Amino acid sequence: MTMPCVTFPRAPIKVAIIVPVFNVENYLEQCLDSILSQTFKDFLIIAIDDGSTDSSAKILDKYCSKDPRLHIIQQKNQGVSSARNAGLDFIEKRSDIEFVYFLDADDYIATNFLETAITDITTYNADYFVCGYERFDQNGILSRYYDESPSKSIITQQKIGLQFFKEPEKRLGFRDKTVGRFLNNKVFRLSKIKNVRFNNDFHCMEDVDFFLRCLPKIHNGILNPSVLFFYRLRKSSLSQTALFNDDKLQLFSKIYIEGDYPDFVKNGVEKCLLDSFWGVTQYVYLGKSHRFTKKSLQNLYDQLSKTDIFDRASPRNRRRFFLYKLGDTTLKTYFYLKSKSSKDHSKKTSSFFP
């Protein structure tokens, strides 16, 4: 059920910001404040209350009464994919939306995010924008070292795909601050991705699946290394690691085996597939996998063995699959020791938001 707050202003609204909301009462105001303080003013916020049971709905109502650019959609809890799809359904019925941006309700953006994105996209007639981002927890921004930052540049469809699959860290502590396999540091021209929807079958990898189905429709983009998006680290995110790995393996194996994508996409998928196979193997042997068993892993391994994926694997992945072929006893011992070492290390790591 949609709930318009007030009459919309007559001035054209150019950007739609889709914000799924579910039990984020501690963070929602910071997110909304960051949007409403934007130097670029022609936007519409579509906040989808996905059945929140905390005070998130009251917070939305409070902000809705103050600003006509906020529109609330209420629905029973169906997950983030359904919430984003409801937002897309709503904006595609309008004629005044040129660009769409997806922001999670526990994150926030710099005050010049929209101005920078829309200026870059319109100046260069681009379909897509990607910027730098930082992670933060309750102690503030997590300081990390960077390799030399990429320059602001126009990127082709192929470079968009390569940049998306690029490894965030070349070595421990060093990373490209524009690389993140999510949507929150990206803006799309709506006409280019019209009718693409999120897959409700994915619980954690819906943004990657969505991006890959949008990619063939995007012809060019702008890469801007400015840090304009801020991603919150939370303990609740860590609890989804096993589910995340299951979804990764399900998605990347399906793309690799069945998908019809250009080589620059399949090359990125290859590495992600091998990494996620190993990640799921670990969770299967630790009894944490939600969807995969030893038998289903073996079936997938047999399928992959019929391709040449292992011939192009990195030395690290070759070592991993050498261990896999050694069988149960070796894998049980290896993952037990690895898990014990990780638990000891986690006691020394920084705290996160609850």
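Gly-140 is located in strand E8, which spans residues 140-141. The structure is a predicted model, and its protein chain contains twelve helices and 14 strands. Of the 354 residues in the protein chain, 51% count as buried. The mean pLDDT of the protein chain is 87. The points below are grouped by topic.

- Gly-140 counts as partly exposed, because its relative accessibility is 23%, and the buried class requires a value under 20%.
- The C-alpha atoms of Gly-140 and Arg-232 are 9.5 Å apart in space, although 92 residues separate the two in sequence.

**The chain as a whole**

- The accessible surface of the protein chain amounts to about 17,000 Å².
- Carbon and sulfur atoms account for 51% of that surface.
- Among contacts in the protein chain between residues at least 6 apart in sequence, 81% join residues at least 24 apart.

**Confidence in the model**

- A pLDDT of 70 or more is reached by 87% of the residues of the protein chain.
- Residues 6-10 have a pLDDT that stays under 50, and the model gives this stretch seven contacts beyond four places in sequence.
- Residues 348-354 also have a pLDDT below 50, and this stretch has 21 contacts in the model beyond near neighbours in sequence.
- Where pLDDT is low, predicted coordinates should not be read in detail.

**Aromatic pairs**

- The whole structure holds 27 aromatic pairs.
- One of them is formed by Tyr-108 and Phe-136, with 5.2 Å from centre to centre and 65 degrees between the planes, an edge-to-face arrangement.
- Tyr-108 belongs to strand E6 (residues 108-109) and Phe-136 to strand E7 (residues 128-137), so this pair ties together parts of the chain that are 28 residues apart in sequence.
- Tyr-108 and Phe-136 are both buried.
- The pair of Phe-182 and Tyr-231 is stacked, because the ring planes lie at 5 degrees, with the ring centres 5.9 Å apart.
- Phe-182 is buried, with a relative accessible area of 13%, while Tyr-231 is partly exposed at 24%.
- Ring pairs also link a cluster made up of Phe-102, Tyr-128, Phe-164, Phe-165, Phe-188, Phe-198, Phe-210 and Phe-211.

**A charge over a ring**

- Lys-266 lies over the face of Tyr-256, at 4.9 Å from the ring centre.

- Lys-166 sits in the loop that runs between helix H5 (157-165) and strand E11 (169-171).
- With a relative accessibility of 32%, Lys-166 counts as partly exposed.
- Apart from neighbours within four places in sequence, Lys-166 is in contact with Asp-176, Val-179 and Arg-181.
- The side chains of Lys-166 and Asp-176 make a polar contact at 2.8 Å.
- Gly-180 is 14 residues from Lys-166 along the chain, and 8.6 Å separates the C-alpha atoms of the two.

**Asparagines with positive phi**

- Most residues other than glycine have a negative phi.
- Asn-23, which is not a glycine, has a positive phi of about 50 degrees.
- Asn-23 is placed in the loop between strand E2 (15-21) and helix H1 (28-36), and is partly exposed with a relative accessible area of 26%.
- Asn-125 likewise has a positive phi, near 50 degrees.
- The loop between helix H4 (113-123) and strand E7 contains Asn-125, which is exposed with a relative accessible area of 56%.

**A buried asparagine in a helix**

- Asn-245 is part of helix H8, which covers residues 241-258.
- The relative accessibility of Asn-245 is 9%, so this residue counts as buried.
- Beyond neighbours within four places in sequence, the contacts of Asn-245 are with Ser-276, Gly-279, Val-280 and Tyr-283.

Technical notes. Residues numbered from 1 in each chain as written. Predicted model: local features only at pLDDT ≥ 70, side-chain atom pairs only at ≥ 80, totals over all residues. Heavy atoms only, no water. Helix = DSSP H or I, 4+ residues; strand = E, 2+ residues; numbered from the N terminus. Buried < 20%, exposed > 50% of the residue type's maximum accessible area, 1.4 Å probe, protein only. Contact = heavy atoms within 4.5 Å. Polar contact = N/O pair within 3.5 Å; in protein donor to acceptor, adjacent residues only side chain to side chain. Areas by Shrake-Rupley, 256 points an atom, 1.4 Å probe, with all protein chains shown as cover. Phe/Tyr/Trp six-rings, centres within 6.5 Å; stacked < 30°, edge-to-face > 60°. Lys NZ or Arg CZ within 6 Å of the ring centre and 35° of its normal. pLDDT = per-residue confidence, 0-100.
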